Amino acid sequence: MAVEGLLSVLNFGTFGVILIGVIIGIIFGAIPGLTSTMGVALCLPITFSMTPLNGITMLVALYVGGTSGGLISAILLKIPGTPSSVATTFDGAPMAERGEGGRALGIGILYSFLGTILSIIALIFIAPSLAKIALKFGPYEYFAICLFALTMIGAMVGDNLLKGLMSGIAGVTFSLFGIASIGGAERFTFGLQDLENGFQLLPVMIGLFAVSEILNVGAEGISADKSQALNCKIKGFGISLKEFKEQFVNFIRSALIGIGIGILPGIGGATSNIVAYSVAKQQSKYPEKFGTGVIDGVIATETANNASIGGALIPLLTLGIPGDTVTAMILGGLTLHGIAPGPLLFKNSGVLVYGIFAAFLIATFVMLIVEYGGIRLFIKVLSVPKYILLPVILVLCVVGTYGTNHSMFDVWTALIFGGIGFFMEKHKFPQAPMILGFVLGTVVEENLIRGLMYSNNNFWAFFKSPIAAAFMILTFCMLIWTAYKQVKAVTAKKTGAD
């Protein structure tokens, strides 16, 4: 069955579909405001006239290209192309600023490829087992895991714990705007109908990272120096064999984080890249260098967000539960072609499933070739004068933000959060804790309420679940460890000053 599935994609028609899908995905991922979700949504009608295999293959290829494509603008423009590439800006952009844009792109592309390959292996060999474990997760487990993920804020607060925590709390607060999904209470709507649905992730991300960056550049003045764009020569993928060996633990750890978070419905790459970056920083021998342009950060984020692709497909194919917004679109594509994902899918449509696996693998290699071959073209972006480039980016941000829900409110949201991001940058408030708090705030709240409803408001019931209890203990230990490291760092700084 596996061999038949592989042979079903070995034809020029399917190869053409994969190539087109990957290229479109990279374009949608690289342009701020246009995400892989939007790319899949726009291309979904095109798949109607295709065979089921080619139709789903195109959507998967778009997913692969779109997730990886976000690193291009994240590194070159300091603007994440997708929510999955937010943390790539932290070290990728500083590398580009000091003339290592080509190297940062090469490393990001390589580990995007490797992360996806590992997720494919997990998808093929351990999908049913992992899906069964994930199926046992209820509100107790989800609450504990997301609460633990929120403690990653401690790794992103920089030198000022108070400002980092304030940023994280602000993110959680902004996530609570609108009508509560459980109970229907109106919160912080101020009588505005547009606020009833709350703030959406894409406009918030575009505002914090894209609009604020444009405002910062405008406030500081535009430099005529273009030297950073000239250094695009890299040897191989920009990483030596020694560095590859040194980063192996970081790579495996980040891939496991990506796969694990990808399996959990509703979380996805937007969280996995930030969590992987935070863990890499905490486990590093030189955490103070993170944010200045070290390859560790780029490797962690690009491995994790691409590993979450295969992770998100695991519950989709084995249980019929989409792991994120893109797989929800792919679920629609499967349904339109009369394919019912679930436990019987492997038995009833085994050839199709293994054909999708083979297409997924081929799309990953195509992504590697297309992105690596385009490095010199991508790097030319830095040669474009900023007084031309930044207005174009702003227009694309507005168009992409509006195009998601066809709402001017989303555009205003992006502009408002652009002002907030500009304020944060000027006053040295880290933006990463706000994004993490915004992404996880709603998930934590919903599962806390569900858990309390199940247990008749008995919070101790959360500790009856072994998985939830383990993550609760880890959360407590992480808080203690973070506080200890912060106190130690402050003490060391004061001792040095004396």
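F188 sits in the loop between β2 (186–187) and α10 (201–220), where helices (H or I, at least four residues) and strands (E, at least two) are DSSP runs numbered from the N terminus. F188 has a positive phi of about 55° even though it isn't a glycine. At 42% relative accessibility, F188 counts as partly exposed; buried means under 20% relative accessible area, exposed over 50%, and partly exposed in between (1.4 Å probe, protein chains only).

A quick heads-up: this is a predicted model, in which local features need pLDDT of at least 70 and side-chain atom pairs count only at pLDDT 80 or more, while totals for chains, interfaces and linings use all residues. Residues are numbered from 1 along each chain as its sequence is written, and side-chain values use heavy atoms, with hydrogens and water left out.

**The big picture**

- The protein has 22 helices and two strands.
- Of its 498 residues, 56% are buried.
- Take the contacts (heavy atoms within 4.5 Å) with a separation of 6 or more: 79% of them are between residues 24 or more positions apart.

**Another positive phi**

- K78 is also not a glycine, and its phi is positive, near 65°.
- You'll find K78 in the loop between α4 and α5, and it is partly exposed, with a relative accessible area of 28%.

- Setting aside neighbours within four places in sequence, L105 is in contact with L71, I72, I75, L76, I375, F378 and I379.

**The cavity**

- There is one cavity of 30 Å³ or more. Here a cavity is a set of points, on a 1 Å grid over the protein atoms alone, where a 1.4 Å probe fits but cannot get out, and lining residues have an atom within 4 Å of a point.
- The largest cavity has a volume of about 40 Å³, volume being the space filled by probe spheres set on the points, which are joined across faces, edges and corners.
- Its lining is made up of I56, V60, L313, L316, L317, I330, L334 and I356.
- The elements giving two or more residues to that lining are α4, α14 (295–319) and α15 (325–336), and α14 gives the most, with three.
- The lining has eight nonpolar residues, no polar and no charged ones; Ala, Val, Leu, Ile, Met, Phe, Trp, Tyr, Cys and Pro count as nonpolar, Asp, Glu, Lys and Arg as charged, and the others, Gly among them, as polar.

- Among the buried residues of α5 are F90 and D91.
- Just after α5, G99 takes a positive phi of about 90°.
- Y277 lies in helix α13 (residues 269–283) and is buried, with a relative accessible area of 5%.
- Leaving out neighbours within four places in sequence, the contacts of Y277 include A87, F90, D91 and F290.
- Y277 and T303 are 26 residues apart in sequence and 10.0 Å apart in space, C-alpha to C-alpha.

**Cysteines**

- The whole structure holds zero disulfides, a disulfide being a pair of cysteine sulfur atoms within 2.5 Å.
- C146 is buried, with a relative accessible area of 1%, and C397 is buried with a value of 1%.

Technical notes: On a 1 Å grid over the protein atoms alone, a cavity is a set of points where a 1.4 Å probe fits but cannot get out, and a pocket is an open set with protein on both sides within 12 Å along at least five of seven lines; lining residues have an atom within 4 Å of a point.
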